[in-house]
Amino acid sequence: MKPWQKSTYVSEEKTEEEKQEVIRGEVKIEPKIEKEEKPEKRYICELCGASFSYPHQLRNHTLGHLRQEERRAEAKLKLLREQMKNIS
Ligand SMILES: [Zn+2]
């Protein structure tokens with residue numbers, strides 16, 4: 001038989017530890033499985049409609065849009081400047 005069943009004190013200590021381990025395990029494992037099975041993509045890009053699970057992903061994505069727009073604007077301004085040179 002199990003040796004700790006003879007002593008109530010030891011048995012109580014062991015079951016508490018076991019319970020804590022089970023609770024910790026459940027709390028840690030459950031959200032991980034949920035995220036892996038169906039990630040909640042509630043962060044949506046207003047510019048292109050792309051959806052993300054985490055705010056930092058949307059942030060990085062939006063920064064990408066900004067850089068793209070900056071490059072486009074710079075290219076347009078460069079063209080305009082060269083056109084102005086040709087006109088004058
Ligand atoms: Zn986007």
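## Model and overall fold

Helices (H or I, at least four residues) and strands (E, at least two) are DSSP runs, numbered from the N terminus. On that basis, the order of elements in the protein, read from the N terminus, is α-β-β-α, giving two helices and two strands.

The model is predicted: local features need pLDDT of at least 70, side-chain atom pairs count only at pLDDT 80 or more, and totals for chains, interfaces and linings use all residues. Residue numbers start from 1 along each chain as its sequence is written.

A residue is termed buried if 20 or more other C-beta atoms lie within 10 Å of its own, exposed if 12 or fewer, and partly exposed in between, with C-beta atoms placed from the backbone. Of the 88 residues in the protein, 0% are buried.

Helix H2 covers residues 55–87. Its expected span, 1.5 Å times one less than its number of residues, is 48 Å, which agrees with the 48 Å between its end C-alpha atoms.

Phe52 lies in strand E2 (residues 51–52). Phe52 is partly exposed because 19 other C-beta atoms lie within 10 Å.

Contacts require C-beta atoms, placed from the backbone, within 7 Å. Leaving aside residues up to four places away in sequence, Phe52 touches Lys41, Tyr43, Gln57, Leu58 and His61. Glu40 is 12 residues from Phe52 in sequence, and their C-alpha atoms are 7.8 Å apart in space.

Technical notes
Two residues are in contact if their C-beta atoms, placed from the backbone, lie within 7 Å.
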